[in-house]
Amino acid sequence: MPYEFPYPSPALAAEHPFVALDVEHRSVEEMRLAGRAFNDRLGRRRSVRSLAPDPIPLDVIDQAIATASTAPSGAHLQPWTWVVVGDLEVKRRIREAAEEEERQNYLEHRMNDEWQRALAPLGTDHHKEFLEVAPWLVVLFEQRYGVADDGSKRHHYYVKESCGIAAGFFIAALHEAGLATLTHTPSPMAFLSRLLGRPDNERPFVLFPVGRPLDGALVPDLRRKSLSEVRVIVGDVPDALR
Ligand SMILES: Cc1cc2nc3c(=O)[nH]c(=O)nc-3n(C[C@H](O)[C@H](O)[C@H](O)COP(=O)(O)O)c2cc1C
């Protein structure tokens, strides 16, 4: 037992019973293989702005949301709500409102020159047709605070970090299922609260159009940073960890 102060302590375990970790033991070689395979699969994920209209059953979307909801969250308060829209009229209204915000961003200079130059290689503009074409729109709302049954407020911790991680799980789950999405933030996004009738404690975090990619869809030819560009080692690496 390498711990002087084991977790949970006997006193904690007596008050809050713990359960055994559901663990899958892997050899180092298996770790390497699994890690490489996962990296290969996730490495093929792209943001797709040409989604196909092909219908995708709701349970496939629900499964990805269930996976997203396994994400870690501050104090395990899971400060997220996933709003799912397949209704044509609601999707049309969301597209219209998003295009209006983006028109101001792109054409009326609400995004400054530096921002617009950074976006230039992506070729994005104020047209957001995919919001109507994709079979589903999934809007992740962050819950700034919780509301108890008696109406009292409950503090939520690390809301943005928690939602960011859950969003990552969601994107990965969709990709694993063979679906495509776009992390879309047509900001300001307050129109989503209004159109979707969300309560005051929720703020839109990301709008995900979800579907199959259109046949022959094109994506920007982006280069990702290499490991050596993103990873820094501090101190020596002990021989046993090489
Ligand atoms: C927080 C966040 C917000 C984004 N917002 C938009 C957006 O509003 N519109 C858009 O077309 N792409 C948006 N993107 C997608 C990025 O442009 C895309 O992830 C990036 O170009 C890398 O491409 P890849 O996802 O294909 O690897 C957003 C991505 C993130 C992480």
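**Entry 1: Ground rules.** I noted that residues are numbered from 1 along each chain as its sequence is written. Because the model is predicted, local features need pLDDT of at least 70 and side-chain atom pairs count only at pLDDT 80 or more, while totals for chains, interfaces and linings use all residues.

**Entry 2: The whole chain.** I looked up the secondary structure and found nine helices and six strands. Helices (H or I, at least four residues) and strands (E, at least two) are DSSP runs, numbered from the N terminus. The C-alpha trace spans about 60 × 50 × 40 Å along its principal axes. Of the 242 residues, 21% are buried. A residue is buried if 20 or more other C-beta atoms lie within 10 Å of its own, exposed if 12 or fewer, and partly exposed in between, with C-beta atoms placed from the backbone. I then checked contacts, in which the C-beta atoms of two residues, placed from the backbone, lie within 7 Å. Among contacts between residues at least 6 apart in sequence, 80% join residues at least 24 apart.

**Entry 3: Strand E6.** I examined strand E6 (residues 202–211) and found nine of its 10 residues buried. Strand E2 (residues 136–143) pairs with E6 in the antiparallel sense over eight bridges; two strands pair if DSSP finds at least two bridges between them. Within E6, Arg203 stands opposite Glu142. Strand E5 (residues 180–181) also runs antiparallel to E6, joined by two bridges. There, Ala180 has Gly211 as its bridge partner.

**Entry 4: Helix H3.** In helix H3 (residues 58–68), I recorded Ile61, Ala64 and Ala68 as buried. They lie on the same side of H3, because they cover an arc of only 60° around the axis. The arc is that of the directions from the helix axis to the C-beta atoms. Asp59 and Asp62, on the other side of H3, are exposed. The cover over the buried residues of H3 includes strand E1 (80–85), E2, helix H7 (159–176) and E6.

**Entry 5: Gly164.** I located Gly164 in helix H7. Gly164 is partly exposed, because 15 other C-beta atoms lie within 10 Å.

**Entry 6: Helix H4.** I checked the span of helix H4 (residues 88–107), whose 20 residues reach 27 Å from first C-alpha to last, close to the 28 Å expected at 1.5 Å a residue. The expected span is 1.5 Å times one less than the number of residues. In H4, Ile94, Arg95, Ala98, Glu102 and Asn105 are buried. Their arc of only 100° around the axis puts them on the same side of H4. The face turned away from this buried side carries the exposed residues Glu89, Arg92 and Leu107. The buried residues of H4 pack against helix H6 (130–133), E2 and helix H8 (190–196). After H4 comes His109, whose phi is positive, near 65°.
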